Amino acid sequence: MKRHFAPCALAAFLILILFAAGSAPVCEASAIGETAIKNAVKKHIEDNATWPKDRIRVEFLGPVPEVVIPAGAANLQVRSRAGEHYIGRTSFAVRFCKGDTFVREETIRVRIEVLTDVVASTHGIPRDHIIGPDDVTVTSKWMDTATTGVLTDAGEVVGKKAAVRLNAGTEITRQMLRSVPVVKKGEVVRIVLESGPMMISTVGLCQEDGGRGDLVRVQNLSSKKIIFARVMAQSLVKVEF
């Protein structure tokens, strides 16, 4: 004789079986979103660059993916290339891990700009003009290339002679300047040597022109030897150790 189950009884029977078997485990996934990845890259740049944090600007080039790490909490590590200068277009490797286990890696491309002080001419300056305080100004600009010879301190420019004609607004480099001679070739100068509390002074003959701070060749008139000395002032040079 066949037994027939009523629909309600059959449904209850199936539910009972499901509860008895237990529910299947659900794997929870952890997502690391765009904001978290960008913040990690920015922090890496700010922590490792030589520039002050408030002078760094980071632009992300291209989309930044959301990364899903299955089953458990995830973390990320940002790595830079060897010799990274942290300016201009570059990229960083972001490694995603679950605990100590590596899961995947993404390359994040960025452009880093640095707010840099530069010395610029306030007006046209003719060649051989000795630059004064009113001839230059210090401005700040966002740059994505490392400065090569561009001067950032007006004190390095004032008192120097323009080696070329400078138009208004020209960013001044070392190559555009010459030292104004303070000592000249054939001039008799006083040579000073200082070592702690002891100071020795003698007389020498300058072998070349030199501006303040320049290293010039000088003949010691007592020993007749040629030495190198730093130009300190008019007719005064100093031997350094």
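What share of the contacts in the chain between residues at least 6 apart in sequence join residues at least 24 apart? The share is 52%, where contact means heavy atoms within 4.5 Å. This is a predicted model, in which local features need pLDDT of at least 70, side-chain atom pairs count only at pLDDT 80 or more, and totals for chains, interfaces and linings use all residues. Residues are numbered from 1 along each chain as its sequence is written, and side-chain values use heavy atoms, with hydrogens and water left out.

View 1. Helices (H or I, at least four residues) and strands (E, at least two) are DSSP runs, numbered from the N terminus. Of the 241 residues, 29% count as buried; buried means under 20% relative accessible area, exposed over 50%, and partly exposed in between (1.4 Å probe, protein chains only).

**View 2. The largest nonpolar core has 18 residues.** Such a core is a set of buried Ala, Val, Leu, Ile, Met, Phe, Trp, Tyr and Cys residues joined through side-chain atoms within 4.5 Å. Look for Val41, Phe92 and Ile108, which touch the most other members. Helix 2 (34-48) and strands 2 (56-61), 3 (67-70), 5 (88-98) and 6 (101-121) each give two or more residues to this core. In soluble globular proteins, nonpolar side chains tend to be buried together.

**View 3. Ser91 lies in strand 5.** Ser91 counts as buried because its relative accessibility is 19%. Leaving aside neighbours within four places in sequence, its contacts are Arg81, Glu84, Thr107, Ile108 and Arg109.

**View 4. Tyr86 and Phe92 form a stacked aromatic pair.** Their centres are 6.0 Å apart, with 20° between the planes. Rings of Phe, Tyr and Trp (its six-membered ring) pair if their centres lie within 6.5 Å; planes under 30 degrees apart count as stacked, over 60 as edge-to-face and the rest as tilted. Tyr86 is buried at 7% relative accessible area, and Phe92 is buried at 1%.

**View 5. The charged end of Arg57 sits over the ring of Trp142.** The distance to the ring centre is 4.2 Å. The rule asks for NZ of Lys or CZ of Arg within 6 Å of the ring centre and within 35 degrees of the ring normal.

View 6. Two strands pair if DSSP finds at least two bridges between them. Strand 14 (residues 215-220) and strand 15 (residues 226-233) run antiparallel and are joined by five bridges. Val218 has Ile227 in strand 15 as its bridge partner.
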